[in-house]
Structure formats: structure tokens, C-alpha cells
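Work through the exercises below with the sequence and the model open. Each task is followed by a solution in steps.

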Amino acid sequence: GMIDMPGNAEVSAKARGYDFLEVVRWWAKHSDLILLLFDPDKPGTTGETLEVLTKSLAGLEHKYLIVLNKVDRLTNSVDLARAEGTLSWALSKVIPQNDIPT
């Protein structure tokens, strides 16, 4: 299965009609792999993404595969390093491990 989290248009739980965090948790527990895709132009973790990472996916970090998506749109290595650094910094605040996620 796949759970696609909204980007800018976050939807409230009330509007969905179900507990999104619980649904994500259920699917994550039954999955072999959790693929986390982030865009280089928005590499931070905000809003619902933070809530999912800290609540729904807590304890399942060993299943993560973190992907910096759409890097082919970057025009130079400085932009790539900046996007990777920003994403790693943001994730280090919500993923409990000794090393910054890369």
C-alpha cells in the first residue's frame, strides 16, 4: 500500500473523516519498507509530516528509506549539498538516532 501525505494543502482529520495518524501507523506496522520522499525545494519537515514522523512512525525508523526526490532539477552541486544538509538537519530533530539521517 501507499500513503501519500499532502504537501502544502494539509487536510484536517475532521475533513478526512478518519484518524489519519492511526491509519498511517497501521499501514507502517504492516509494511516492510517506509519510503520517505522529500523535494529539494521543500526539504524541511513541517506540519503533518512532523506529526506523522513523531507519532505514527515512532519506533519504525529501521524501515525508513529516505529519498531526496527530483534532484535532477538542481543545476549545481552547491544546491544539492544545501538541500541534503537542510533535509538532514530537519530530520535529525525528529528521527532518534546518533547520526544525522542521510
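Helices (H or I, at least four residues) and strands (E, at least two) are DSSP runs, numbered from the N terminus. The model used here is predicted.

**Exercise 1. Determine which face of α3 is buried.**

Step 1. List the buried residues of α3: E48, V52, L53 and S56.

Step 2. Look down the axis of α3: these buried residues fall within an arc of 135 degrees, and therefore line one face of the helix.

Step 3. Recall the helix geometry: an α-helix has 3.6 residues a turn, so residues three or four places apart point the same way.

**Exercise 2. Describe the largest nonpolar core and the elements that build it.**

Step 1. The core holds 18 residues, and those with the most contacts inside it are I34, L36, V52, L53, L57, Y64 and L91.

Step 2. Two or more core residues come from each of α2 (20-29), β1 (34-38), α3 (47-56), β2 (64-68) and α4 (77-92). The largest share is that of α2, with 4 residues.

Step 3. Take L36 as an example. Beyond its neighbours within four places in sequence, L36 contacts L53, L57, Y64, L65, I66 and V67.

Step 4. Turn to the whole protein. Among contacts with a separation of 6 or more, 72% join residues 24 or more positions apart. Of the 102 residues, 27% are buried.

**Exercise 3. Find the aromatic pair and classify its geometry.**

Step 1. The whole structure contains 1 aromatic pair. Its members are W26 and W27.

Step 2. The ring centres are 5.0 Å apart and the planes are at 90 degrees. Planes over 60 degrees apart count as edge-to-face, and the pair of W26 and W27 is edge-to-face.

Key
Residues numbered from 1 in each chain as written. Predicted model: local features only at pLDDT ≥ 70, side-chain atom pairs only at ≥ 80, totals over all residues. Heavy atoms only, no water. Buried < 20%, exposed > 50% of the residue type's maximum accessible area, 1.4 Å probe, protein only. Contact = heavy atoms within 4.5 Å. Phe/Tyr/Trp six-rings, centres within 6.5 Å; stacked < 30°, edge-to-face > 60°. Core = buried A, V, L, I, M, F, W, Y, C linked by side-chain atoms within 4.5 Å. Arc of directions from axis to C-beta.
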